[in-house]
Amino acid sequence: MSPLHQGLWQHGSVRFGGVVLLAMLLVSLLAPWLGTVDPAAMDANQVNTALGSAGAFTLPDGRVVMHTFWLGTDSFGRDVYSRVLFGGRISLWVGIATAVLALGLGGLCGMLAGYFRQLDMLLMRFMDGLMAIPAVLLAIALVAALGANVATVVIAIAIPEVPRVTRLVRSLVLTLREEPYVEAARALATPTPVILWRHILPNAMAPLLVQGTFVAASAVLTEAILSFLGLGLPPDVPTWGNIMAEGRVQFSQQPGHVLFPAMFLVPTVLAINLLGDGLRDVLDPKFAKRVG
Amino acid sequence: MQTPVLDIEQLSVSLPAGADRSHALQDISLQLHAGQTLCVVGESGSGKSVLATTVMGLLVKELRVTQGSVRLQGESLLAVSPARYRALRGQAMGMVFQEPMTALNPVMCCGEQIDEVLQTHTNSTRVERRARVLAIMQAVRLPDPERIWQSYPHQLSGGQRQRIVIAMAMVMKPALLICDEPTTALDVTTQQEILQLIKTLQQDAGSAVLFITHDMGVVADIADQVLVMHQGHAVEMGQRDDVLLRPQAAYTQALLAAVPSMTPPPARALPDTPPLLRAIGLGKRYEHHWALQDAALRVLAGETVGIVGESGSGKSTLARCVLRLIDPTAGEIHWGEDNIATWPETRLRPLRHRVQVVFQDPNRSLNPRLRIGQALVEGARNFGQTAAQAERLARGLLTQMRLPDSAWDRYPSQFSGGQRQRIALARALACQPEVLVADEAVSALDVSVQAQILDLLCEVQARMGLGLLFITHDLRVAAQLCDQVIVMHQGRIVEHGLTSQVYAQPQQAYTRQLLASAPAWQRI
């Protein structure tokens, strides 16, 4: 193991965050093999069944299977356990895709603004304008305009994050472009795109990665908020937000329909944030322990 | 006999496991009496700063004192409580560090920072303290103390900031003053003034001074006794004149021999060839002030032209202009026949191999995320060589720079400062340049490493017929290396001529002052 890997593994919050996140990822990816049924299937005979009860469950294709409803069923007769596990796929996918998209767009804008001083004014004033609009409102407007599916939700959540990433990358590039090795590369006649790609981007990667985890964590939350408000993905798609929204009306009788997805959502967001904090500690030399 | 102010016996400090040696300090003993100055000299990593921080009680917790004793006026420092230590620092010992900007609080005005020392250590009233602060400001020769009181550190010059730090250290008239490279970040003329000041204050207060430095010239100026350190060991200790003029240890002799002499060698005869690099009437303006004005220079094949001057004199601006890393506001730059001063980057790019550069800071001159091999082939590839050609050339250069072949796949962080500077040199040479610009290329290196790099530069120059534009603040290096020397001051060229003539008969007052300020141990 290289010193960096060792440092990452020895850091408590990186280890905890990584393990929890990996578990979440595995559980949602392996959902079909973890005793689940079709999360969209409804059986009118199994409405609001109790936790852990077993019974016959009719699938949409007419087959009937014996199934244990570990977390009960909701008011439409859907298996909550299956919906929560499958919901994880959407949440994690939205988190990762949003982070990648926001980092990509923001990274590009930030590099352009930081390196080409003529573009800086134009790009950054546009970003300032974007930042003036509240993130959730902007996302709601975008989903309403573009129609609700996973891709538009990702775009809608990523766009408000772009200015923040742009600012970060711009400030990094402003310092990095003055580094002697960048000047040396210019003296070596290295074309500007290559300077940006080979000399500047790799050295801005560590803080960018950390920012990415925070974007991902907030994206998972925002997706849940949008779904909960009924402004995100359509209610038949199992997402943690949708499950909670559906369970909200009968919270006093069936609190589990809100609490079970929350018990997955909270550790996921916590794990991503802890991972980000830990990465920052390990990767940022300012936080690194000094040895005299 | 009176008790010494500082008495260190058999002191050893261990390094954490995994360091390159087991001890930062081993068996160091010394005695320092009131009114005496002890200079601790050594190269980086010799343990001289660890010695200072041990005395101050500021050792990082990874380092541990394993044996020995440190006594300040008879009181054992290794046993005192943190509270007592805090009282001793400031009262019985004052400290001056290398970089005054970081030693001062940027959001507190200077008068209050000195006042704070008095507030902590005395019960004086506000009025008494004010009088004492103004008096110490007078003593450190700060002009207009009332105004300086109100000034923030960034409003003062480097020399004035260091005077504030010295005032803070000396206001309590401590028995021991510890100076850790206090003049290294300063220009030579300022350095001279600060050294004088420390001497005067020491005489007035009768303090003992522990002075850490890497500069033999500074040692000659200020020391009574000298301790030479190497790899945590005391190599030699004795009276200044004995150590400098009659060094016993082989290491001390080597250290002294590596310091270049101020007397330039006789001028070389150079063949009369057309200049490779020429600048005429070059100027660079930022906002409302000219960083560089009316500069002219000429570099022939095989010739070394030195640009000397203090920080802010415009020498780096001149270098960056002739490299076209920044665009000049006025004047002409000729690379060979072509006047490239106003060429756009796309037209200039194919010619860039003609003029290459090596920068000062070995830590920042190489991309930390790029393997050495990748860095070395970059230039050659940009100028149209195939990957195989570029690699053959680069591997050849690696050998010439006396670096192992295994360096190819490693990252810059795995090399020492001197090795990194050789890699940066190889990277520049891989473009087969006609002119090499060395911008303070050896200034951040220890003298012995510096000597190696300079030898290497001369060797390469002789073989490739390279024109060398050598920018430095170090007059001794310039004396040994340069055929011509250009003296710069406040953005203008003050004097220009053959090195031997300029050093022997400086025409301008500024040049004379500059040459007189350079500390030189050969003078004693």
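The centres of domain 1 and domain 2 of chain B, taken over C-alpha atoms, are separated by 35 Å. Domain 1 of chain B covers 6–258 and domain 2 of chain B covers 277–517, with bounds that come from an automatic or database domain assignment. This is a predicted model, in which local features need pLDDT of at least 70 and side-chain atom pairs count only at pLDDT 80 or more, while totals for chains, interfaces and linings use all residues. Residues are numbered from 1 along each chain as its sequence is written, and chains are lettered from A and ligands numbered from 1 in the order in which they are written.

**Contacts between domains and between chains**

Between the two domains of chain B, 10 residues of domain 1 are in contact with 9 residues of domain 2; two residues are in contact if their C-beta atoms, placed from the backbone, lie within 7 Å. On the domain 1 side of chain B, α8 (188–205) and α11 (250–258) each supply at least two residues. Helices (H or I, at least four residues) and strands (E, at least two) are DSSP runs, numbered from the N terminus. Between the chains, 26 residues of chain B are in contact with 18 residues of chain A. In chain B, β16 and α14 (372–382) each supply at least two residues of the side that touches chain A, and α14(B) gives the largest share, 3 residues.

The table gives the make-up of these two sides by class.

**Sheets of chain B**

An open sheet of 6 strands in chain B has the order β16-β17-β18-β13-β19-β20, with mixed pairing; two strands pair if DSSP finds at least two bridges between them. β16 (355–358) and β20 (492–498) of chain B stand at the edges with a single partner strand each, so one side of each is left without a neighbour in the sheet. Neighbouring strands of this sheet are turned by 15° against each other on average, direction ignored. Axes are lines fitted to C-alpha atoms, for helices over the stretch in contact, and angles run from 0 to 180 degrees between N-to-C directions. Within the sheet, β17 (residues 435–439) and β18 (residues 467–472) of chain B run parallel and are joined by 5 bridges. B:Val435 stands opposite B:Gly467 in β18(B).

A further open sheet in chain B has 4 strands in the order β12-β11-β14-β15, with antiparallel pairing. Its edge strands are β12 (289–299) and β15 (338–339) of chain B, each pairing on one side only. Strands β11 (residues 277–286) and β14 (residues 330–335) of chain B run antiparallel and are joined by 5 bridges, and B:Gly283 stands opposite B:Ala330 in β14(B). Helix α12 (residues 315–322) of chain B packs on this sheet and touches β11, β12 and β14 of chain B; its direction makes about 120° with that of β11(B).

**Nonpolar cores and selected residues**

A nonpolar core is a set of buried Ala, Val, Leu, Ile, Met, Phe, Trp, Tyr and Cys residues joined through C-beta atoms within 7 Å. A residue is buried if 20 or more other C-beta atoms lie within 10 Å of its own, exposed if 12 or fewer, and partly exposed in between; C-beta atoms are placed from the backbone. The largest core has 146 residues, and those with the most contacts inside it are B:Val437 and B:Leu469. Leaving aside neighbours within four places in sequence, B:Val437 is in contact with B:Ala319, B:Val322, B:Leu323, B:Val355, B:Val357 and B:Leu469. A second, separate core of 79 residues includes B:Leu176, B:Leu177, B:Ile178 and B:Val447.

B:Ile222, found in helix α9 (residues 216–222) of chain B, counts as buried because 21 C-beta neighbours lie inside 10 Å. Beyond four places in sequence, its contacts include B:Leu195 and B:Phe211; the latter is 11 residues away in sequence and 8.7 Å away in space, C-alpha to C-alpha. B:Leu58, in the loop between α1 (48–56) and β4 (64–72) of chain B, is exposed, with 12 other C-beta atoms within 10 Å.

**Chain A**

Chain A has 10 helices and 2 strands. Buried residues make up 43% of its 292 residues.
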